[in-house]
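Reader: Hi! Could you walk me through some features of this model?

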Amino acid sequence: MLYDIRLHLHYDYAAAAGGGRHQVRVLPSTIAGIQRVIAASLSFVPAPNERSDFSDFFGNNVTSIAFRDAHDELDIRMSARVSVSRPEPGLDVSPDIARLRQELGAVRSLSPASPHHFLSASPHSSIDAAITAYAQDSAMGSAVGTAIDLCNRIHHDFTYDGDATTVRTKASDAFRLKRGVCQDFSHIMIAGLRGLGIPAGYVSGFLRTIPPKGKPRLEGADAMHAWVKVWCGRDAGWQEFDPTNGMRASNDHITVGYGRDYSDVAPIVGVLKTTGGQVGEQAVDVIPVVLEKA
C-alpha cells in the first residue's frame, strides 16, 4: 500500500514563551521488510533558532528544535509518502512461554532490537499484579497465541473513551478504569505480557481506516495511533498486534517509531520558559495513493 500522510500539531500558549527546547518524533521510518519512506518533510512555525535531525537508540527519527525568541504558539506540519508491505502471518512457530524464556536466555545481544530491552517495567507499563493475573488467562499456548488472545480480550473488555485518560495515564490506572484510548490499551497489553515473561514494546504510528459497508469505523483514524510489538521467540521474531481494534498490525498500520512505552516515542517532549498553560490540537490524514498505469 502507498500512502500520503499529513500531520498537523498546533499549540497555543496562555502566555508568550521566552524560549523552549523540544524533541519531535513524528517522521515515519524506513523499516526493512515492512515499510519504505519515499519522501518526507517536517516544518515549524515560528522557525526554530536551532534544529538538528538524528536517530535515537531505537532507530527512530528525531528532530531537536530550540527557540530563543518569544512566541505564543507553535505549529508543526509533517508530510510523507510511505509504502507499506507487511508479510502475511505464516504458521505459528513460536514456543510456549516456558520455552520462550529459555530462548530469551540464549539472546546475548543488547542491540536496539534485543528483546531484553522490552521485558522490564517502564514508566507507563509497570509490572502490575492485577494486569499479570488478567493476562494469565490468555497464557494457554504459544507466545503468538497468547498475544492474539490477550489482544482480542482487551479489545472486547475495555471501552474506547477519549475523555477517560491523558498521555500521563499509567497502565495500572487505565486497567482499573477499564477504558481509555489506543495508548492505554497498548500499555495494558505490554504490562500484561511482560508480567508473563514475554518481551513487548510500544509502536507509534498512523492508522488508515476504510470500514467495510455496514461496519463501524476503526478507532484511531484522526490522530496518531499506537499498538504493540511482541517478541515471540527465536524463529517467529517480533510480531505486531493492535489491541484497540483486536487485530494484527496490517498494511493499514504505518510506523513512526518503536520504544518501551509512550515515553520513548511521544510526538513532542520538551521544556518552555513561560507561565500558564497551553492548548494543543492534532489532525491526521492518511490518504491511499492510487498510481495510474501508463
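Author: Happy to! This is a predicted model, where local features need pLDDT of at least 70, side-chain atom pairs count only at pLDDT 80 or more, and totals for chains, interfaces and linings use all residues. Residues are numbered from 1 along each chain as its sequence is written, and side-chain values use heavy atoms, with hydrogens and water left out.

Reader: How many salt bridges does a search of the whole structure find?

Author: A salt bridge here is a side-chain nitrogen of Lys or Arg within 4 Å of a carboxyl oxygen of Asp or Glu. Searching the whole structure on that basis gives 16.

Reader: Is glutamate 103 buried or exposed?

Author: Glutamate 103 forms a salt bridge with arginine 234, with the closest N and O atoms 3.9 Å apart. Buried means under 20% relative accessible area, exposed over 50%, and partly exposed in between (1.4 Å probe, protein chains only). Arginine 234 has 54% relative accessibility and so counts as exposed. Glutamate 103 has 8% relative accessibility, so it counts as buried.

Reader: What separates arginine 176 and aspartate 173 in helix α4?

Author: Their side chains meet in a salt bridge at 2.5 Å, N to O. Helices (H or I, at least four residues) and strands (E, at least two) are DSSP runs, numbered from the N terminus. Because both residues sit in helix α4 (residues 171-177), three residues apart, the separation is about one helical turn.
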